[in-house]
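Welcome, and let's take a walk through this structure together. We will begin with its strands and then turn to the side chains.

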Amino acid sequence: PQSSELISIESSNLEADPNNSQLISLNVLLRNHANYALALPLLELTLNDTQERPMARRVFKPAEYLTAPQQAEAGVAANQELNIKVWLELHGLNPSGYRLVLIYPNS
């Protein structure tokens, strides 16, 4: 099942790679608050400039952000957390902020 009310982003951050100024990692902690497994949502990341205007946007499917893509079918277990880490190339962008939202495409 999908339930945007029962799954949340507990924490998230963007972290620069100290060895490559054009590489960052998106770190996310998702939490399923339901007492049953939930389908994994899409993650929509928007990189913003200093005026909070969007510079770039990308939507990640579960198979793109999971370390084991087969986990996408299993979802997030009841009352569990899921750590996510995605590496991104900036391609010359210099964002100063970001926005991250969860999306269920059929809800």
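This is a predicted model: local features need pLDDT of at least 70, side-chain atom pairs count only at pLDDT 80 or more; totals for chains, interfaces and linings use all residues.

Strand E3, residues 42-48, pairs with E4 in the antiparallel sense over six bridges. Here strands are DSSP runs of E with at least two residues, numbered from the N terminus, and two strands pair if DSSP finds at least two bridges between them. Residues are numbered from 1 along each chain as its sequence is written, and side-chain values use heavy atoms, with hydrogens and water left out.

Stepping back, three strands make up an open sheet in the order E4-E3-E6, with antiparallel pairing. Strand E4 (54-60) and strand E6 (97-103) are at the edges with a single partner strand each, so one side of each has no neighbour in the sheet.

Now for the salt bridges, each a side-chain nitrogen of Lys or Arg within 4 Å of a carboxyl oxygen of Asp or Glu. The structure has three of them. In one, Arg57 meets Glu44 at 4.0 Å, N to O. This pair links distant parts of the chain, 13 residues apart, with Arg57 in strand E4 and Glu44 in strand E3. Glu44 is buried, at 15% relative accessible area (buried is under 20%, exposed over 50%, partly exposed in between, with a 1.4 Å probe and protein chains only).

Asp49 and Arg53 also form a salt bridge, at 3.0 Å from N to O. Asp49 is buried at 15%, whereas Arg53 is partly exposed at 49%.

Note on methods:
Helices (H or I, at least four residues) and strands (E, at least two) are DSSP runs, numbered from the N terminus.
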